[in-house]
Amino acid sequence: MAGSTATYAQDGGFLSGFRSLFGKEKVEPVADAVPYKPTVNVPDAPRSLRKAITAASTLQSMRKSPPSGAAGLLRRARADIDQITAALYSNGYYGGSIRITIAGRDLDAPDILQAIEAARPAGPVPVQIDVTTGPLFHFGSITLVDERNRPLPMAPTLRELGIEPGSDAKSTTILDAEGKIADYFRKEGHAFAKVVDKDVVADHASNLVNVTYVVSTGPAVAFGQVTVAGTEKVRPSFVEERVRIIPGEMFSPQRLADTRKSLLRYEIFSGVRIREGDKLDADGRLPVEVEVTERKPRYVGFGAKYSSTDGSSINAFWGHRNLFGGAETLRLDGQVSWFGSKSSAVPDANPLGYRFAATFGKPGIWTPIDDLVAQAAVLREVTDAYVREAATFTAGVRRNYSDQFSVQVGLDLEQSHVQDATGSRDDTIVGVPIDVAYDTTDNPLDPSSGIRASGTFEPFAYLGQASAGPMMFKGSLSTYKALDEEKRYILAGRVSAGTIFGADLLDVPPQRRFYVGGGGSLRGYDYQSVSPRNAQGDIIGGLSYVTASAEARIKVTDTIGIVPFFDIGGASEGSVPDLDDLRYAAGLGLRYYTGIGPVRLDVAIPLDPEPDDAGYGIYISLGQSF
């Protein structure tokens with residue numbers, strides 16, 4: 001690689017500035033700043049390579065943060081040699097050359113500092129970056145040997161390693177394969193497996209890169225004693241019961257990953273670190289230490305939600321993550337809501353709503369995989385279809401068969417006073433809900449891969465005027481797929497449906513009927529508006545529903561994204577959804593990505609609105625829409 005290869009510390013760095021809400025750089029004043037104007041020239045190169053080289057250039061990325069003095073600009077330019085070289089290697093170009101000039105002088109020119117000073121009065125100092133990429137190299141021979149230079153008797157295939165002769169010889173592929181080699185042997189029980197050396201030779205005559213990996217597999221070992229560290233308020237036995245590592249069993253990285261994941265699902269733990277012993281114990285086994293980091297047990301917070309169709313709400317909460325030393329949780333919530341308009345069914349009702357709830361969780365109620373969850377609440381709910389004042393209690397035991405799959409059986413109690421278009425009614429509800437959940441997504445608030453499925457089947461011992469016998473089923477399936485490695489383009493889809501059978505519509509309490517419309521189901525339409533109505537036009541709800549949504553989640557910058565979306569859905573009077581009576585909506589969302597999840601702003605327009613519909617909907621909340 002031609003050009004200067006001297007390495008200098010890069011000035012500035014990550015803390016030299018920060019991005020504002022809209023991603024623009026804030027320029028901090030620098031003593032003796034030297035403004036400059038960089039030009040990057042990469043002729044006859046693919047667009048992706050030009051982008052990679054431009055992104056690697058510190059001169060380009062920090063152009064709005066001028067360095068201090070002529071020497072500072074020279075240091076920044078010299079650092080670019082290594083940065084751009086790495087970008088070329090990462091893309092498979094090993095025969096390129098880089099020339100950087102400042103004010104028309106090469107970086108090694110004896111009068112470079114004087115030339116920079118002389119150019120400063122005329123305006124930004126010109127900086128020219130010329131990159132000749134040379135030919136694209138491909139992989140030639142790929143060899144795995146042991147420390148004695150002998151072929152390995154057992155080894156992963158090159159296809160498994162993602163590095164095959166004839167493919168583009170990217171340096172990132174070489175490094176990725178190194179990690180995959182170690183992972184392969186560790187999965188076979190060789191805990192100490194690693195690549196101890198590698199020989200990478202670029203043959204400029206043939207434009208081939210030949211790679212030899214020297215691998216030390218070490219012996220296949222079994223797990224030894226497991227110790228727990230880091231517990232402060234949590235009982236050590238709680239952690240020990242949830243460790244998935246079994247002494248005497250063959251070493252498995254999956255056991256380590258399962259242990260970490262099983263502990264991190266409890267709110268009290270902010271981190272789990274698993275340390276493998278650096279040598280075997282007296283029995284020839286590998287000792288393991290599981291170290292947990294606890295969060296502060298108490299927390300407080302608040303939230304808010306705005307919707308032009310659903311109404312607005314604010315809430316505050318207090319919680320405890322470790323009530324009795326076994327990761328028991330208690331959360332107290334208080335919420336006040338404002339419907340924003342008069343209820344169509346009860347026009348003289350006060351639009352103010354409230355909800356006060358206490359939620360308790362007890363891990364390991366019977367066995368380590370059985371969790372008790374319970375919630376009691378008093379509330380006042382105002383909607384277009386009804387106004388409800390109620391006391392509710394739900395409780396259940398959830399069995400976590402795996403980190404992805406759980407089943408919960410519980411009790412559902414409610415005593416309510418409801419006003420709707422037909423008058424007032426007092427209802428008692430007793431149900432036995434059975435919930436099934438399956439979740440393989442990678443992030444609860446902003447998933448980029450996997451599926452999320454849930455279903456509830458609830459037979460009722462008493463359901464208001466419908467008495468005993470009715471049954472309810474509802475389910476939802478969401479799927480997510482990132483289209484690129486950086487996860488900047490994500491497709492997301494969801495379909496939901498539900499039915500109540502064994503009861504007449506008006507015998508079912510209004511709050512247990514199905515409604516569609518608003519931010520949680522069909523954006524752009526008024527809350528509950530895409531639901532069955534009586535002869536007077538009042539919303540009465542239905543015995544079934546179906547909805548579907550599709551979104552394209554596109555990151556414009558690291559913090560800003562846009563989301564075009566399409567929704568479809570409707571509720572029906574009968575127990576089977578009427579697919580001929582569905583409504584449609586489309587819209588565009590804005591996302592601001594934070595450390596805890598995206599802040600969502602959606603604007604939706606109904607595609608086939610009724611005359612009384614608002615014509616648009618605006619929704620603001622934390623997290624993606626699904």
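Trainee: What should I keep in mind about the model before reading numbers off it?
Mentor: It is a predicted model in which local features need pLDDT of at least 70 and side-chain atom pairs count only at pLDDT 80 or more, while totals for chains, interfaces and linings use all residues. Residues are numbered from 1 along each chain as its sequence is written, and side-chain values use heavy atoms, with hydrogens and water left out.

Trainee: OK, how many helices and strands does the chain have?
Mentor: The chain has eight helices and 27 strands, where helices (H or I, at least four residues) and strands (E, at least two) are DSSP runs numbered from the N terminus.

Trainee: And what does the C-alpha trace span?
Mentor: Along its principal axes the trace spans about 95 × 75 × 45 Å, and of the 626 residues in the chain, 42% are buried, meaning under 20% relative accessible area with a 1.4 Å probe and protein chains only.

Trainee: Switching to the sheet with S5, in what order do its strands run?
Mentor: The order is S5-S7-S6, in an open sheet of three strands with mixed pairing, two strands being paired if DSSP finds at least two bridges between them. Strand S5 (138-145) and S6 are the edge strands, each pairing on one side only.

Trainee: In which sense do S5 and S7 pair?
Mentor: S5 and strand S7 (residues 208-216) pair in the parallel sense over six bridges, and Thr-143 has Thr-212 in S7 as its bridge partner.

Trainee: Which helix lies across those strands?
Mentor: H6 lies across S5, S6 and S7, running at about 25 degrees to S7; axes here are lines fitted to C-alpha atoms, for helices over the stretch in contact, and angles run from 0 to 180 degrees between N-to-C directions.

Trainee: Now His-190, where is its place?
Mentor: His-190 sits in the loop between helix H6 (171-187) and strand S6 (194-203).

Trainee: Buried or exposed?
Mentor: His-190 is buried, because its relative accessible area is 14%.

Trainee: What is His-190 in contact with, leaving aside neighbours within four places in sequence?
Mentor: With those neighbours set aside, His-190 is in contact (heavy atoms within 4.5 Å) with Met-154, Phe-185, Thr-217, Gly-218, Pro-219 and Ala-220.

Key. Buried means under 20% relative accessible area, exposed over 50%, partly exposed in between (1.4 Å probe, protein chains only).
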